[in-house]
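This report describes selected features of one protein structure. The structure is shown first, and the description follows.

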Amino acid sequence: MKFLNTFIKGGMLLAFMMLLSNFAVAQRTVTGKVTDAENGEPLIGATVTVVGTTRGAVTDIDGAYSVQVPEGSTQLRYAYTGYAEQVVDLTASNAMDIAMKPGTLLDEVVVVGYGAVRKTDATGAVTSVTEESFNKGVIVAPEQLIQGRAAGVQITSSSGEPGAGINIRIRGTSSVRSGNNPLFVVDGVPLSGNATQGNADDNGFGASTPRNPLNFLNPNDIASIDILKDASATAIYGSRGANGVVIITTKSGATGKGVLDYSYSLGISQITKKYDLLDSDAFLAAYADFNGQAAADLLDGGANTDWQDEVLQTAMTNNHNLSYGGGDSRGSYRFSLSYQDQEGIIRESGLTKYTARFNGARKFLDDRLTIGTQITIADNHDDNPQISRNAGFEGDAWSSALKANPSQAVRDANGDFIQKSNTEPNPVAMIELAKDFTNTLRALGNLSAELKLTNHWSFKTVLGFDRSLSERKTAYSRDLNITGTFGKGRLYLYDVANDNRLWENYFTYSNRVGALDITGLAGYSYQSFEYSNKRFEMTNFATSDMDLMINNFASADQATNKSSIVGRNSSLYKDELQSYFGRVILGLRDKYILTATLRADGSTRFGGDNQYGYFPSFAFKWRMIQEEFVPDAFSDLGLRVGYGVTGNQELPHNLYQQRQRYGDWNIENGGNITGGGLGDVAFPNPGLKWESTTQINVGLDFGFANNRIAGSLDFYKKNTADLLIKVTAAQPAVSPFVWKNLDADVQNLGLELSLNIAAIDKPDFEWNVLANAAYNKNEVKRYGGLINTGEINGQGLTGAFAQRIAEGQPLFAFFLRDFGGFDDNGITIYPGGDVQRFVDASPIPKVTAGLTNAFRYKNLDLSIFLNGQFGHYIYSNTANAYFTAGSLANGRNVTTDVVGNGESNLNSPDVSTRFLEKGDFVRLQDVSLGYRFNLKSRTISALRIFVTAQNLAVFTGYSGQDPEVNVDKSLDEVPSLGIDYSAYPRARTFLFGANISF
């Protein structure tokens with residue numbers, strides 16, 4: 001890894017220096033006029049760009065243009081709103097006039113499984129987001145590029161941590177236990193979805209979840225992201241298409257002389273909102289009200305410490321991207337290198353990432369054979385914060401900062417940390433006396449060969465791989481005063497390896513017979529998923545040096561009678577998926593289009609009774625714009641109807657056979673080793689089968705004013721059956737639990753609207769509006785059981801939960817006591833009785849929306865993007881655990897609203913609607929202002945500088961740090977949703993940067 005880091009850094013620096021000192025390009029000037037092909041009128045504001053470069057021009061009031069063309073360039077691209085884009089070969093002449101025909105939207109291409117189709121021919125619900133529409137700012141993972149950009153696609157980051165896990169829900173949440181995230185396909189390689197990093201072991205203040213496995217991709221390498229939403233579009237991926245499919249296409253080299261691009265940005269981040277906590281004087285006065293002045297005087301440490309400021313920092317992000325690409329009529333190539341160093345706003349947290357990528361393709365045998373490859377290598381280093389998902393009342397680094405005594409200083413006069421109690425740890429000590437990092441090396445790639453057999457038949461074979469190696473090392477100094485660590489030290493090691501391989505072969509057929517267009521696809525796919533991990537724990541260290549602890553295990557004290565090193569556990573398994581798939585698309589007179597798909601998947605995750613699943617789909621589109629009865633006001637009109645069945649196989653390995661394994665070994669706080677007992681993992685159930693989702697979609701595509709106003713409206717009904725879940729059996733029973741398919745359904749019913757509006761299109765001024773909105777209703781049907789989830793942590797909250805899955809309710813509906821204020825004694829009043837019940841509150845948003853306004857005035861461009869979620873609730877486990885009168889009376893800080901609210905310190909902070917809040921919000925996600933220079937340099941062909949404000953403002957009634965939060969509070973392996981518990985805070989970022997082309 002060190003070699004790779006050095007190689008990439010050195011290579012980027014060397015290439016850039018050579019470029020600045022030696023690169024020069026000869027060029028010529030090409031002029032011409034762009035007109036309407038039907039009436040000859042000049043097209044004002046059409047864009048003319050040199051293919052493979054960022055050089056371009058805009059036509060004036062007469063439709064005239066003049067563009068500087070570097071030597072070696074071979075093509076010009078002409079584009080104008082409402083007209084078909086044209087790419088024209090350059091000639092020896094320096095004068096080129098172009099006549100453009102209407103039809104841009106009709107000629108756009110969207111990527112679907114195993115191919116691409118014209119947007120006008122797409123029969124399924126597909127949203128395509130290209131680079132021009134990607135979100136701006138500090139972007140770590142590809143999901144962030146499209147957040148709020150597609151109707152019906154809800155994207156929620158679990159927290160503000162750099163590289164934090166991200167939840168994507170396409171058309172609602174469908175599964176109780178299995179994965180709800182969509183399938184990701186990168187340049188034709190489906191990703192497994194497995195975690196590529198290890199969790200943090202529970203060291204006394206909770207466990208954490210791994211970061212987003214897609215962090216290895218460089219967002220700057222991505223050309224487009226296509227989202228397949230309905231079953232007719234996703235059924236080609238069968239057992240993995242139930243939650244939608246996200247297809248990521250990376251950039252390739254363009255035809256022409258090689259072009260070198262470099263970009264740099266500097267980001268400055270600070271917390272958006274701190275909790276309104278008591279200062280030292282207010283805290284001591286409030287404490288005295290409960291315990292008396294004498295007790296307050298004893299508690300007074302004589303300081304006024306803002307613990308939030310002590311653990312927070314102003315974070316810096318540096319991002320470098322370097323790429324070189326080009327091509328000719330027989331092939332293309334593109335190399336890229338990137339370096340990103342993002343500090344977190346919590347001290348000692350952050351992410352450093354190096355990526356290297358190559359895309360290339362070449363034609364042989366008279367252009368009948370095309371060989372292509374895409375390879376990505378990424379080296380990620382994560383500095384993990386000491387923040388967990390399930391800390392007890394002791395807290396973690398962030399929650400301890402929220403509840404720490406503000407009259408207590410951080411250090412004593414000697415500079416040593418003040419650590420008075422292992423139940424009230426010093427937050428700064430928790431950060432500085434811990435060292436927790438993860439190194440992940442990941443390689444993704446494919447090699448393909450496509451042979452054109454005849455004019456109508458072709459064959460393609462693809463070999464793909466996705467390998468990752470990760471090591472997490474977590475050391476706690478013996479100087480840290482937490483239970484089980486003080487005076488001993490602790491070290492946890494967690495290694496994870498994934499090795500996924502793909503081999504696909506398929507034939508395609510394309511022909512036109514009279515008025516009938518025929519496209520066919522038939523293929524075979526095999527993919528294997530191998531996963532392994534191993535974990536170790538060590539204690540009784542003779543040193544406080546955490547680097548020495550990590551790098552020299554022998555420093556553990558071997559002279560004691562108590563063992564210092566234990567192998568906690570390890571695992572190794574392999575799953576396989578074998579598939580046969582086919583698709584037929586029939587188009588009649590460019591008016592009627594029928595698509596039929598079938599995929600058969602066989603998986604080793606299921607028993608012999610149901611090892612294969614079959615997933616069909618049908619879709620029909622009527623291009624009504626071709627009919628004479630459609631009014632002239634329409635420039636596009638099409639009706640789509642689709643039906644299909646998709647599956648979900650995202651469950652643990654082999655749950656259909658009787659299996660046992662040894663439990664984890666642990667070193668107890670006293671030093672004794674426990675665990676290792678033989679326990680049940682699964683019991684026989686050969687009838688275990690696929691979770692299946694049936695979906696109906698009806699959509700309308702429309703366009704007005706030559707498609708200057710265009711959009712789509714979709715209605716869908718999605719029903720998921722045979723839900724996979726682990727069910728505990730009533731005792732006595734033959735087995736304590738069994739994995740089974742529930743006799744229940746989850747239904748999602750929704751409506752989606754997307755709009756693209758070219759409001760103003762003038763030579764010197766453009767205004768484009770992109771808007772989307774979606775409504776979704778989620779409900780559990782035909783289920784007679786009850787499943788609890790949403791674990792709530794805190795003092796006195798052992799065994800507490802906040803959510804229940806039941807008939808007639810949305811998934812993960814809140815199940816709480818009904819809070820009615822406090823009585824005269826400060827004890828909670830429960831109007832409905834001291835029992836939990838459904839409170840008509842769901843964590844699933846009913847409405848999601850996004851709005852972009854993009855402006856251009858001459859060389860100045862401005863983009864403003866807002867997104868929002870509405871109709872859902874958030875449960876604040878943070879307030880439940882820490883911000884109560886009882887917590888204040890025990891010497892812990894609270895928010896200012898706790899003082900004087902009438903609550904007694906004897907009141908029990910039970911799970912109730914007191915801590916339930918509406919989660920509605922509108923976020924000003926990013927505002928980006930840029931300027932493109934007109935250059936006559938022979939070295940630099942294009943230069944654009946920009947400034948971006950990310951997460952500039954949030955409009956919400958939620959009292960927590962940020963309403964976009966989803967901490968993992970799963971219970972008995974059943975996930976949760978919409979619970980906030982000491983989540984890593986979100987930042988506001990200002991980004992300054994430049995893009996340069998040579």
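**Charges over rings**

Arg149 lies over the face of Phe865, at 3.9 Å from the ring centre. Arg411 is placed over the face of Phe417, at 4.0 Å from the ring centre. A charge sits over a ring if NZ of Lys or CZ of Arg is within 6 Å of the ring centre and within 35 degrees of the ring normal.

**Basis of the model**

This is a predicted model, in which local features need pLDDT of at least 70 and side-chain atom pairs count only at pLDDT 80 or more, while totals for chains, interfaces and linings use all residues. Residues are numbered from 1 along each chain as its sequence is written, and side-chain values use heavy atoms, with hydrogens and water left out.

**Aromatic cluster**

One aromatic cluster is formed by Tyr114, Tyr237, Tyr506 and Phe581.

**Open sheet**

Four strands form an open antiparallel sheet in the order 38-39-40-41; strands are DSSP runs (E, at least two residues), numbered from the N terminus, and two of them pair if DSSP finds at least two bridges between them. Strand 38 (787–791) and strand 41 (837–838) are the edge strands, each pairing on one side only.

Strand 38 and strand 39 (residues 801–805) are joined in the antiparallel sense by four bridges. Thr789 has Gln803 in strand 39 as its bridge partner.

**Val641**

Val641 is located in strand 29. At 37% relative accessibility, Val641 counts as partly exposed (between buried, under 20% relative accessible area, and exposed, over 50%, with a 1.4 Å probe and protein chains only).

How values were computed. Phe/Tyr/Trp six-rings, centres within 6.5 Å; stacked < 30°, edge-to-face > 60°.
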